[in-house]
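Have the model open beside you as you read.

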Amino acid sequence: MAKDSHPYTESKDDLSLVVHALVGLFSLNMHSYILVATDSKKCGAIGGCDIYEVGSVIALPLDYQSGKAKLQAWRHSNPEPSQEKTDNLEHEDSGTLSIDPFATWISPQITKMFGRSRAESAASSANESTFANQLPSSGSAERMERRIVEEIVRLFGSSGIFYSYEYDMTRSLQAKEGQLSASGCGPLSQAACPDYWFNHHLLQLLIGQNAQGWTLPMIQGCAQAATCTAFNGDAFQVFVISRRRVQRIGMRYERRGANADGFVANSVETEQILTIDTGSQGIHYCSFVQTRGSIPFLWKQPSSGLHPVPVVVGSEEDNAAICAAHLQREIKLLGRQVLVNLVEHKGREAVVGSKYASLVGICVAEDLVDARCVRYVPWDFHHETRGMRFENIKQLVLQLQHEISNMGYFWHSGKQALTSQQGVFRVNCMDCLDRTNVVQSALARFVLNEQLIRLGVHAAPERGLAAYDGLEQMLNHLWANNGDYISRQYAGTSAMKGDFTRTGKRNIGGVVSDASYSIARLWISTFRDYFSQSVLDFIAGNHNAEAVYRTLIELRSNEPDHAIQLTRARGAAIESSVAIVVNDGEIIQIACIVQSPILLNTIRAREEDDAVLILTNSSVYICRYHYQMEKVTEFICVDLARLHAVQHGAYITDTRTPQSLDPAHNHGIVLFFEAAVARFNSGSEQNVSSIGTSASPNPQLEDVSGDISASDSKLNQTQGYLACKIVSKSQVIMQQLPDQTQIAAPAVDVAKSSNEEHTNTTNACTTKPQKDGILKASLVRLDSFAKQPPEMLAEFITSAILSLKAMQDPTLNGKQFIANSPIVSEADARQNVNIIEKVSNRIHKAFWI
C-alpha cells in the first residue's frame, strides 16, 4: 500500500481510523473488545528496522452497534492526524503486517473468531443490553467495565509499550544470533520470546486461529537511541532496550520477591547496542546485556508508611528451592550470574539482604547450583555513597573489572558473530529501580568504552568517553530515561537519583525531587496499585475478568498463584477433616469445599468462612478448618436417617458485581433435619459455640429455629436447618476409592460429659487419627468435576443424598424430599443489605468506580 494513496486521505467516513498496530482482543462481562494502536512515534532504528513506541490506543467493542458508537465518539473527540504523522509509519515496507485502517473490517472478521457474525453480534449486543438493563446494578456494572477498559487503555497508551514490524524486540541480538530483520522469515510471532512478549495473552485467540500474520509482539519497558560522531567523522549509535518479563509482572508493593516457580518481580533484561558503520569494513553491532530482578525468594513488604519493613515468608527449605530454581533458569538462559546486591547491610533492608546471601550460600553448598556459575557481590549502595559521594560507584566498577573482562559482549559483523557474552550482571536493590539503574549505567559505560577501543574508533583511550563531544551527556539521558520508564511501570513515578544519572552529579534539587517521588509512590501504592496490578494480571493471563471485577470490590489484588496455593490448602483441609470426623466404616461419597456460617438456623453470618462438606453413606458433616493452625476447629454431624428435606437453589450473598448475582455460580444447599440428632463439636474442653437463629429460607418448608445446648453439645430444638454455599473458584472435590478397605480410628463421641473425654476430643481436632499406623481413608481428587459450576455440584450432592435416603427408605417421595427454589434470591439479598453496607457501597462506587 503506497503512502500517497493512504486510505485515510480517501475517506472522511466517521467509521474510519488509522490503525498502527493490532494490540489484542479481550472479553469482559458486557462486551468483547479489540484493542488497536491509533498513534505511535518512532524511537530509532536498528539495522534499518524502525522501532516505535505506542502513543495511544482505543478499545472498540466487537458488537457492531456498540463499536460504531464508540468509534464515532472517539472520532469526535480526536482531531484528524496530520499527513506527516501518518506517513511516519511505512507499513507497506514491513512485509509482516497489513492492516486496513477502516473500522468496518473489525466486526465481520474478528467477531467470527468469537463465533459470531455481524448480524449475530448486533443481536448479541441487544441481548447484552437487555440483560444489563434487567440488573438493578447495571449502572454499576457499566461503570466497572468502563473503569477496567480505561485502565487497559492507560497501560498500553502511556506506560512504555514498544514494537517493530521487522525487528524482534523480545530477544537480544545474541539470542537472535545477530539476525536483525525478520523479513522473509515469516511473522515475528513465530520466533518471539513469550517471556517478554507483553501482549502475548491478548493475541492468543488469533494465534489459536492460525492468524499469526495479524499478531505483532510488543514489549513493556524502554527503547531509546542516540547518535554520536567519532573523531574521524564516522557516526555511531547507542541504543538502550529494556524488556520486562511477563511472569510475575506487577506493581511495587503488590509484587515482591519470587513466586513458587522462581520467577521474580520487576524482572527486566536491559540491552545496550552499539552500531558502527565503518564503510568498507561493513556495519558492526555490539550488544551488552544486564538483568535486574527482585531478590529471589518469598518475601513481602506492606504498603504502609514511607519505609515499611520487609517480611520473609516461607520456610528456609522452600526459599532455598525457589532461589535455586531462579538461578538455574537464569544460568541456562544467560550463563554465569554475577549477583550484585545493593541493599543496606544494616537496618530494615538487611532482613532480606542477609537472607539472600544465606540462600545463595545454601544453593552452592548443597550443589543446587554450580558454584562456578555464581558469584555473590554485596555492596551497600547507601553506605558507600553517603554524603552524596556518588563517584564511589567507580570503585564498584573497578572491583568488577575482572568479571567484565571475562564476561565480554556480543559482537557481530557481516554474517558472523565474532564474540559472545558469557554471563550477565544481575543487579538488585529493594525495588530494583533507582540504585540498580545507576549501577547498571556505570557498568554499561565501562563496557561501551572497551567496545570503542576494540573497534579502533576511539579518539583518546586514556580519556575514556569524555573524548567524544557530547557522548557522556547522551548516555546520561539514555540511561536516565531508561530508569524513568521502568520506575513508572513498577512504582508509578520517575526514577530517583535521576539527577546523578543525567548529569553525573548529585545535588540538593535531586534530593528534594526524590522526597516528592517517595510521597507520590506512597500515595500510588496505597490507592491505585492494587487495581493496576489486577489489570496487569488480566493482560498477562494470570487472572480472568471476574478477578478484576472482584478487585474493584475488595480493594486488593491476589497473587497469580493464589488459586494454586488455595487449591492445595483446601485439599489438605478435606483430607484432614475426613481423618478427624468420619466414623469407622463410613464410605465417603463426596467431600468438597463450601462456605457456611456453621450456625444452625442461620443463612448468612457476618463472615462466611470456608468449610468442608463431607457426605458419607450414613451422615453429612460440615467442618470448619483453620488454615493457619492446620486443624479442624469445629464440626456438625447430621445423620441421614433423620434428615427430612434438602433444598438447593440460588444463594446470593453479595450484590456488588454481576458475577456475584449469577445463580449458576452462586448456588447452595440447605439441610433440614431433626435437631436432636445433629451433633456439634467445637473442639474445645467446654465444647460450646454460639449458635444464631434466623427465619427459614423456604416458606414451603417448616420454619424452624434453635440454639445449641452448652451442657450436652446437642441441639435442644426438635428441628433445625444448616445452610452452605458451594464455592465457585478453586474448588476441590474428593471421593473415596470404591474398592478401598475401610480402616478407621474410632469416632469421637462428643456426647460424653467427662472432662477427660472432652480433652480427647480436643486432641482429635489437632492430629490425624490412625489405626496401626494406617490412615483411615484413601481419597482421590475429581479435578474435572471440580470445574463444574456450583449449580451442578449442588444438584449432584442433593441427588446423592436422595439416593442414599432411598436405600434406607424405599417409600421416600423424592419430590417432597428435595426442594429446588432460591435460598437467598437477588431481591432478598438486596433487601437484606443494611444501611452501613449501602452507604459504604455508594461511597465506594463514587470514589473508585
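The buried residues of helix 8 are covered by parts that include strand 9 (299-300), strand 10, helix 7, strand 11 (337-341), strand 12 (374-378) and strand 15 (424-428). Here, contact means heavy atoms within 4.5 Å. Helices (H or I, at least four residues) and strands (E, at least two) are DSSP runs, numbered from the N terminus.

Before going on, note that this is a predicted model, in which local features need pLDDT of at least 70, side-chain atom pairs count only at pLDDT 80 or more, and totals for chains, interfaces and linings use all residues. Residues are numbered from 1 along each chain as its sequence is written, and side-chain values use heavy atoms, with hydrogens and water left out.

Which residues of helix 8 are buried? They are Ala350, Val352, Gly353, Lys355, Tyr356, Leu359, Val360, Ile362 and Cys363. Buried means under 20% relative accessible area, exposed over 50%, and partly exposed in between (1.4 Å probe, protein chains only). The expected span is 1.5 Å times one less than the number of residues. After helix 8 comes Asp367, with a positive phi near 60°.

Tyr356 also takes part in an aromatic pair. Rings of Phe, Tyr and Trp (its six-membered ring) pair if their centres lie within 6.5 Å; planes under 30 degrees apart count as stacked, over 60 as edge-to-face and the rest as tilted. The count by this rule is 13 aromatic pairs. One of them joins Tyr356 and Tyr376 edge-to-face, with 5.4 Å centre to centre and 85° between the planes. Because Tyr356 lies in helix 8 and Tyr376 in strand 12, the pair ties together parts that are 20 residues apart in sequence. Tyr356 is buried, with a relative accessible area of 0%, whereas Tyr376 is partly exposed at 23%. Elsewhere, Phe26, Tyr33 and Phe538 form one aromatic cluster.

**Helix 21**

Helix 21 (residues 790-808) has 19 residues, which should span 27 Å at 1.5 Å a residue; the end C-alpha atoms are 27 Å apart, in agreement. Its buried residues are Pro790, Leu793, Ala794, Ile797, Thr798, Ala800, Ile801, Leu804 and Lys805. These residues cover an arc of only 155° around the axis, so they sit on the same side of helix 21. The arc is that of the directions from the helix axis to the C-beta atoms. An α-helix has 3.6 residues a turn, so residues three or four places apart point the same way.

**The nonpolar cores**

A nonpolar core is a set of buried Ala, Val, Leu, Ile, Met, Phe, Trp, Tyr and Cys residues joined through side-chain atoms within 4.5 Å. The largest one has 47 residues, and the members touching the most others are Phe236, Leu274, Leu342, Phe425, Leu452, Tyr468 and Leu471. Helix 12 (residues 434-454) gives the largest share of this core, eight residues. Another core lies apart from it, with 39 residues that include Val149, Leu202, Phe538 and Leu552.

Leaving aside neighbours within four places in sequence, Leu274 is in contact with residues including Phe236, Tyr285, Leu448 and Leu452. Thr275, in strand 7 (residues 268-277), is buried at 13% relative accessibility.

**Residues in loops**

| Residue | Loop between | Relative accessible area |
|---|---|---|
| Thr170 | strand 4 (161-163) and helix 6 (204-208) | 2% |
| Asn266 | strand 6 (235-244) and strand 7 | 2% |
| Cys432 | strand 15 and helix 12 | 0% |

Asn266 has a positive phi of about 50° although it is not a glycine, and Cys432, also not a glycine, has a positive phi of about 60°.

What does the side chain of Thr170 reach? A polar contact of 2.6 Å joins it to the side chain of Asp168, and one of its polar atoms lies 2.8 Å from the backbone nitrogen of Cys193. A polar contact is a pair of N or O atoms within 3.5 Å; within protein, one must be able to donate a hydrogen and the other to accept it, and residues adjacent in sequence count only if both atoms are side-chain atoms.

Finally, Ser315 lies in the loop between strand 10 (311-312) and helix 7 (316-334) and is partly exposed at 35%. A polar atom of its side chain lies 3.1 Å from the backbone nitrogen of Asp318.
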